[in-house]
Amino acid sequence: MGFLDRGRSKKKGRRVVLVGLDGTPYTFVRRLIAEGRAPNIARLAEQGSLLRMNSTWPWVSSVAWSTMMTGVNPGKHNIFGFVDRDPSSYKQFIPTSRTMKAKTLWEMLSEAGKRVIVVNVPVTYPPRPVNGILVGCFLSPSLEKAVYPESYVPTLKSLGYIIDADPWKARESKELALQEVNAALDARIRTLFYLFEREKWDYLQVHIMETDRLHHFLWQPMEEGDPVYAPAFYEFYRRIDEMLGRLAAKLDEHTTLLWMSDHGFCTIKQEVYVNRWLMDMGWLKLRHIPPDPQKGLEEVAPDSIAYSLDPGRVYLRVRGREKEGCVAPGAEYEQYRDEIAAAALRLRDPRDGSPIFRAAFRREELYHGPYLEQAADLILAPYDGYDPKGALYKETLTYKGDELVGMHTYDDAMFYLGGATIPQTEFSVVDIAPTILQLMGVPPSPGLDGRSLV
Amino acid sequence: MEQKGFTVWFTGLSGSGKTALALRLEEELRRRGLKVERLDGDIVRQGLTRDLGFSKEDRDKNIERVTFVAKLLTRNGVAVLCSFISPYRDVRARSRQEIGNFVEVYCYAPLETLIERDVKGLYKKAIAGEIPNFTGISDPYEPPENPEVMIDSSQETEEESLAKIVRKLEELGYLSPTESEKAYTEEEEALIEARLAALGYL
């Protein structure tokens, strides 16, 4: 419907620059401030609102950022995790911007005649056209395919821009992980300032994925005060602090600085294999043990009641919806859902008896909208430290590895708004798009679930 | 999932792209495995409504019969694609009410563009007074006030227009979102899966 707005004169409103710090916990930043490790952030926090924010359930970046960029719940934008499945074939697929069904903040701004530049936000590949520039996220297969308009690829190449740090290298050793994330951060910062200074924009959003990566690989050594890795971790955040300080110094009076994260982080106590648990309970059966990894969910046997995808999404094998489904819709469905939910809440860590899940949400408790049917039937919410995984087959219920040591948390995301006070104390990522629209003087599209914080 | 029936109703002046888009949509829906039936002004007037002319009364009757057929098909799980000038707002409102699962697509292009295009040579004749009651020239067209989708064929490519309709049908729950176009080649998908696996998401 963009053509209806073509030629409409620009309304007055502020320019906004937003830096996404993937997975940076609010409480961690407060600690950095208290320990004098983030002088720029400390000063900026006094000149604006630095607040704690809730993520989404589940708290993965694909769901959280899709919610951020659309201002609607997953029932309306159709992104429920990093993987999803077609219930009629059990084929798994990676949801992309084509799977995402809601209009994005930058599409709304584009229609209002604003020029936008958006870089690296999860679930923006393939790049959907905007009035400006869009660079797709780490789910892009190559830089060439990630950029709208394509003619901007050479500029990004000349800046040494990269799609992502190499996560396999990062798994090899913590030294390599540090090298990888620092190099990627260099490219991100260089690109941020180039775009800020050299391009025309009303809205600029640059996403730093490397914070999340750093946390996945090094959160535990940081927390434990490792003599090598804790200082390296703080050094990384010194660079983040410096970047935000430098950016703030360049703002004019018409531009507002925002930064935010999409979820918090904590150390993994144990990974939890939900499909192993479903097998132990008799609700999941596999055709072969061990299953053929090439076949994925096709290894689920026909008389299974349920299966799970990462993280903690449990699907019932409902007749008429799922291939060879055997659970009757209606009373039987509800009965199984109740049973599985209750059992999840009773599940204990075999090592010390700690409860693993704090809640088992029925999908309609979390989501509403035309895509509710695509959501998992139950979304299991763990206590911090228990990381629910989607592996189809594992021999044990829990495991603790030493490569990926950090996991996400729900209630410790962060939002910063420069130069204004936010009265609300409880809000979530769904409220960010409406807030930005309000700041920029663009009326929100109908049907948004979030509310402006200003 | 069982197919939910629905009717996509293309309305707009002659030459605005109704039939062309309906054909593209038909192709797309069949590719997705849906049962599809297309009802087109140019076709039904050779059979179902052969006896009718172009007076307001006859036009209303034409739409009334087509609506009846679309209603039967829709309630039996068929995707029905209707392309009719259907110039009167109250008549389209009645079709919407009768059919239920009704998606109105307004095909627009400026009249000057249509006259210039004149694919069927009808505008020329109408302007010369050879065709009486010709919508847009000698008969009124009442544009929809709240169509589900609006198309401007003077500004959009057929691809873009089709994508808009498909997206709306997905949004309304008539098409399964998992059928979305693939974003990766097999090789690319393997690359991205490996990346996600390294991060523990698979």
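**Ground rules**

I number residues from 1 along each chain as its sequence is written, and I letter chains from A and number ligands from 1 in the order in which they are written. Since I am working with a predicted model, local features need pLDDT of at least 70, side-chain atom pairs count only at pLDDT 80 or more, and totals for chains, interfaces and linings use all residues, while side-chain values use heavy atoms, with hydrogens and water left out.

**Entry 1: where the chains meet**

I began with the interface. Here 44 residues of chain A are in contact with 32 residues of chain B, contact being heavy atoms within 4.5 Å. I noted a buried area of about 3300 Å² between chain A and chain B, with 60% of that area coming from carbon and sulfur atoms. Buried area is the accessible area (1.4 Å probe) that two parts lose on being put together, summed over both.

Next I looked for charged pairs. The rule finds two salt bridges across the interface of chain A and chain B; it asks for a side-chain nitrogen of Lys or Arg within 4 Å of a carboxyl oxygen of Asp or Glu. One of these pairs I looked up by name: A:Lys145 and B:Glu188 form a salt bridge, with 2.8 Å between the closest N and O atoms.

Which elements give two or more residues to the side of chain A that touches chain B? They are helix H1 (2–5), strand E3 (84–86), helix H9 (167–172) and helix H11 (210–223) of chain A. Helices (H or I, at least four residues) and strands (E, at least two) are DSSP runs, numbered from the N terminus. By residue type, that side of chain A has 20 nonpolar, eight polar and 16 charged residues. The nonpolar class is Ala, Val, Leu, Ile, Met, Phe, Trp, Tyr, Cys and Pro, the charged class is Asp, Glu, Lys and Arg, and the others, Gly among them, are polar.

**Entry 2: the largest core**

The largest nonpolar core has 64 residues, and A:Leu139, A:Trp277, A:Leu278, A:Val314 and A:Ile340 have the most contacts inside it. Such a core is a set of buried Ala, Val, Leu, Ile, Met, Phe, Trp, Tyr and Cys residues joined through side-chain atoms within 4.5 Å. Buried means under 20% relative accessible area, exposed over 50%, and partly exposed in between (1.4 Å probe, protein chains only).

I was pleased to find both chains here: among the elements that each supply at least two residues are strand E13 (313–316) and helix H14 (331–346) of chain A, and helix H8 (186–198) of chain B. H14(A) gives the most, with five residues.

I found a cis peptide bond between A:Tyr125 and A:Pro126, with omega about -10°. A:Pro126 sits in the loop between strand E5 (116–119) and strand E6 (132–135) of chain A. The loop between E5 and E6 of chain A also holds A:Val123, a residue other than glycine with phi near 70°. A:Val123 counts as buried, at 2% relative accessibility.

A cis bond also joins A:Tyr148 and A:Pro149, with omega about -10°. A:Pro149 is in the loop between strand E7 (147–148) and helix H8 (153–158) of chain A.

In chain B I stopped at B:Ser86, not a glycine, yet with a positive phi of about 30°. B:Ser86 is in the loop between strand E3 (79–83) and helix H4 (89–99) of chain B, and is buried at 4% relative accessibility.

**Entry 3: two residues up close**

A:Thr398 lies in strand E17 (398–399) of chain A. Is A:Thr398 buried or exposed? It counts as buried because its relative accessibility is 12%. Its side chain makes a polar contact with that of A:Gln270 at 3.1 Å.

B:Leu169 belongs to helix H7 (158–171) of chain B and is buried, with a relative accessible area of 0%. Beyond four places in sequence, B:Leu169 touches B:Phe6, B:Val8, B:Leu25, B:Val103, B:Tyr174 and B:Leu175.

**Entry 4: chain B overall**

Chain B has eight helices and five strands. Of its 202 residues, 49% are buried.

Notes. A polar contact is a pair of N or O atoms within 3.5 Å; within protein, one must be able to donate a hydrogen and the other to accept it, and residues adjacent in sequence count only if both atoms are side-chain atoms.
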